[in-house]
Amino acid sequence: MGTATAANQKLRNRVVSLREFDSQCNANPPAYVVEGLIPEESVNIAAGDSGLGKSAWAYQLGLCVAWGMPFLGLPTKKGPVLYIDLENGRSGIQKLYTSLSRHLGASGLSDSFYLLTDRDEGLQLESIIAAKRPTLVIIDSLRAWNPEAEEKNRNAARVMMQLREFAKAYKVAFLIIHHIKKPSENYVQVLEDTSTMTWLLQACGARALINQADVRLAFDNSSGVRRAVADINRKSGSQSGEVGLVVKGFARLRGDFGPTYLARDFDDEGEALGYRPMKGIELLFNDDQQAAFPRLPNEFTFTEGRRIYERSDQPTRDFLQKCIRVGILEHVGRAYRKLAE
């Protein structure tokens, strides 16, 4: 009788009605380490070609979480960070956190940002997590940390399942830095023009690495962004904006999000610092359009816009639709209204 009662109690705890489930969800809404980007207790992956600057992006993310600073404008949950860096070497790591600290305006070094820089089989990941209790663990890169995970779907699934168990047990989020295959000489996918999941077919190794991640981030560069930032620098006489990255993502249930365009800032000596999100007319990536937008009144008709832009109907329509897509213009009734410059 006692055993049956215990079994019934376990059943009531595990199996709930839709109403009960909805109540539980409302009482415990989704929480994030980085708002809208990295959920708590999750396993996530970020993939891109070598040399793009993924490590600098990841260090900036980790430092922002450790200090409780916004990351590229997104609120963060302050907490310890463990960065497993098996790619950049001691001097490279020191250069990264030094330059990024300057970029973020932080004084001193964080006592909540932990580094693991060697692949010592005697150092078990779970033991480190249990001791340091990080909010976020960044693995840079998967290939250096666990090369067998790339070889077969079975290996990849086992690694992802283990990380998911750690995520739930220790309330930690994981971000895995991953590589893509070398692009074909005859065909190169452009992230801006491709869905995230299609673009991530280029990721190295087993497909389970991508499919079993909660959030999948794709990193690329962009000739359009590079050209636009070069123009801004040329006009301003500064070095505050070499293009950094184009980032798109895919999240479970949410689907595709992005792209986000990031520019890499530099100091007066030309040393690379950190990233900032591009916004406003920067996102038009066109000299004539960037010059025309400030001349537009705060509210105008299509005819007025065509006269100011000095183009025919279709190019004007394309220009105005582009402004709407990047969030600096809205179409209200028969009029257009500026949102930002």
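The model is predicted: local features need pLDDT of at least 70, side-chain atom pairs count only at pLDDT 80 or more, and totals for chains, interfaces and linings use all residues. Residues are numbered from 1 along each chain as its sequence is written, and side-chain values use heavy atoms, with hydrogens and water left out.

The chain has 13 helices and 14 strands. These are DSSP runs, numbered from the N terminus: helices are H or I with at least four residues, strands are E with at least two. Of the 341 residues in the chain, 46% are buried. Buried means under 20% relative accessible area, exposed means over 50%, and partly exposed lies in between (1.4 Å probe, protein chains only).

**Nonpolar cores**

- A nonpolar core is a set of buried Ala, Val, Leu, Ile, Met, Phe, Trp, Tyr and Cys residues joined through side-chain atoms within 4.5 Å.
- In soluble globular proteins, nonpolar side chains tend to be buried together.
- The largest core holds 42 residues, and Leu 125, Leu 163 and Phe 174 touch the most other members.
- Helix H7 (residues 153-170) contributes the most to this core, with seven residues.
- A second, separate core has 40 residues, including Val 33, Leu 104, Leu 217 and Val 247.
- Beyond its neighbours within four places in sequence, Phe 174 has contacts that include Ser 42, Asn 44, Leu 125, Ile 139, Leu 163 and Phe 166. Contact means heavy atoms within 4.5 Å.
- Among contacts in the chain between residues at least 6 apart in sequence, 67% join residues at least 24 apart.

**Salt bridges**

- A salt bridge is a side-chain nitrogen of Lys or Arg within 4 Å of a carboxyl oxygen of Asp or Glu.
- By this rule there are 13 salt bridges.
- Arg 164, Asp 214 and Arg 252 are linked in a network of salt bridges.
- In the Arg 164 to Asp 214 pair, the closest N and O atoms are 2.9 Å apart. The pair links distant parts of the chain, 50 residues apart: Arg 164 is in helix H7, and Asp 214 is in the loop between helix H9 (208-211) and strand S8 (215-220).
- Asp 214 also forms a salt bridge with Arg 252, with the closest N and O atoms 3.1 Å apart. Arg 252 lies in the loop between strand S9 (242-251) and S10, and Asp 214 in the loop between H9 and S8, so this pair ties together parts that are 38 residues apart in sequence.
- Asp 214 is buried, at 14% relative accessible area. Arg 164 is partly exposed at 24%, and Arg 252 is partly exposed at 41%.
- Glu 271 and Lys 95 also meet in a salt bridge, at 3.7 Å from N to O. Glu 271 sits in the loop between strand S10 (255-266) and strand S11 (272-277), and Lys 95 in helix H4 (residues 89-104), so the pair ties together parts that are 176 residues apart in sequence.
- Glu 271 is partly exposed at 37% relative accessibility, whereas Lys 95 is exposed at 54%.

**Helix H3**

- The 14 residues of helix H3 (residues 54-67) should span 20 Å, and the end C-alpha atoms are 20 Å apart, which agrees. The expected span is 1.5 Å times one less than the number of residues.

**Strands and sheets**

- Two strands pair if DSSP finds at least two bridges between them.
- S10 and S11 run antiparallel, joined by four bridges. Arg 264 stands opposite Tyr 275 in S11.
- These two strands, S10 and S11, form a hairpin with five residues between them, and Gly 270 in the turn has a positive phi of about 85 degrees.
- An open sheet of three strands has the order S12-S14-S13, with antiparallel pairing. Its edge strands are strand S12 (299-301) and strand S13 (329-332), each pairing on one side only.
- Four bridges join S13 to strand S14 (residues 335-338), and Val 332 stands opposite Ala 335 in S14.
- Helix H12 (residues 302-309) lies across S12 and S14, at about 95 degrees to S12. Helix H13 (residues 313-325) lies across S12, S13 and S14, at about 110 degrees to S13.
- Axes are lines fitted to C-alpha atoms, for helices over the stretch in contact, and angles run from 0 to 180 degrees between N-to-C directions.
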